[in-house]
Amino acid sequence: MPEAEHGTVLLAKRQTAGRGRLGRSFASPEGGLYLSLLLCRKEPPQQLLHLTPMVAVAVRRAIFDACGLWTDIKWINDLQVQGKKVCGILTELDGMGRIIVGIGINCHTTDFPAELDEIAASLHEFTSVDEECLLQALLCRLEELDEALCSQKEAWMAEYAAACITVGREVELVRG
C-alpha cells in the first residue's frame, strides 16, 4: 500500500502464504496472531541492523506482559518455549525503502502441518492466552521499540543477548 503511513499495522487471523527468512514457508493457520508493521525511518537500513533482535525483545516482553510467560530467543528471529517455536519474525525492505516487520505468534493454533509437530507449539500449551490482551501489549511494546530504536540500542541488545539461547553455541551460517 503506497499510501500507508509509518506505524500502520495490518492484522490477520491466519495467512495463506505466510513466509519466513530465505523464502521459507511459515505455517499461519487460524489460532495465531499475525501482523505486519510498516516503519518509515529516516536512518539508512545499514544503521538499523539491530531492528530484528529488538523486535524479538519487544515480542518477548509483550508475551510476558499479557501471558506471564518468558520465552527464549533463538537467533535471530524466533521465540521458543521449551525448545518449540511459538513466534517467527521477518523484517524486510519493501520496494519503496520502507521497512516491513512481520510477526507471527502461535496463540491457540492446533493444526500445524505434520512436519512442524516436533518443532512448533502454541502459547496456550504453556499458559492462558487472551489474544486481544496480547495484541494490545504487542502494539505498546512495538511503539516503545520505535521510540528506542536508535537511542536505547545497547540496553535492548543486552536484553536480547541475555535471552538468546544461541549465544555461546556453534551455528552454521548458510548463504544463498
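This is a predicted model: local features need pLDDT of at least 70, side-chain atom pairs count only at pLDDT 80 or more; totals for chains, interfaces and linings use all residues.
Let's start with one side chain: Phe64 is partly exposed, with 31% relative accessible area.

**The aromatic pair**

- The partner of Phe64 is Trp70: the ring centres lie 4.1 Å apart and the planes meet at 10 degrees, so the pair counts as stacked.
- The angle decides the label here, because planes under 30 degrees apart count as stacked.
- Trp70 is also partly exposed, at 42% relative accessibility.

**H1 against H2**

- Helix H1 spans residues 51-67 and helix H2 spans residues 131-148; they pack at about 145 degrees, with 8 Å between their axes.
- The crossing of H1 past H2 is right-handed.
- On the H1 side, the contact is made by Leu51, Met54, Val55, Ala58, Val59, Arg61, Ala62, Ile63, Asp65 and Ala66.
- H2 brings Cys133, Leu134, Ala137, Leu138, Arg141, Leu142, Glu144, Leu145 and Ala148 to the contact.

- In helix H3 (residues 153-163), the buried residues are Trp156, Tyr160 and Ala163.
- Which elements do the buried residues of H3 pack against? They pack against H1, H2 and strand S3 (72-74).
- The other side of H3 carries the exposed residues Glu154, Ala155 and Ala162.

**Two backbone details**

- As background for both details, most peptide bonds are trans, and most residues other than glycine have a negative phi.
- The peptide bond between Trp75 and Ile76 is cis, with omega about -5 degrees.
- Ile76 lies in the loop that runs between S3 and strand S4 (78-81).
- Gln82 has a positive phi, near 50 degrees, though this residue is not a glycine.
- Where is Gln82 found? Its place is the loop between S4 and strand S5 (84-93).
- Gln82 is exposed, because its relative accessible area is 68% and the cut-off for exposed is over 50%.

Definitions and conventions:
Residues are numbered from 1 along each chain as its sequence is written. Side-chain values use heavy atoms; hydrogens and water are left out. Axes are lines fitted to C-alpha atoms, for helices over the stretch in contact, and angles run from 0 to 180 degrees between N-to-C directions. Helices (H or I, at least four residues) and strands (E, at least two) are DSSP runs, numbered from the N terminus. A crossing is left-handed if the near helix is turned anticlockwise from the far one by less than a right angle, and right-handed if clockwise. Contact means heavy atoms within 4.5 Å. Buried means under 20% relative accessible area, exposed over 50%, partly exposed in between (1.4 Å probe, protein chains only). Rings of Phe, Tyr and Trp (its six-membered ring) pair if their centres lie within 6.5 Å; planes under 30 degrees apart count as stacked, over 60 as edge-to-face and the rest as tilted.
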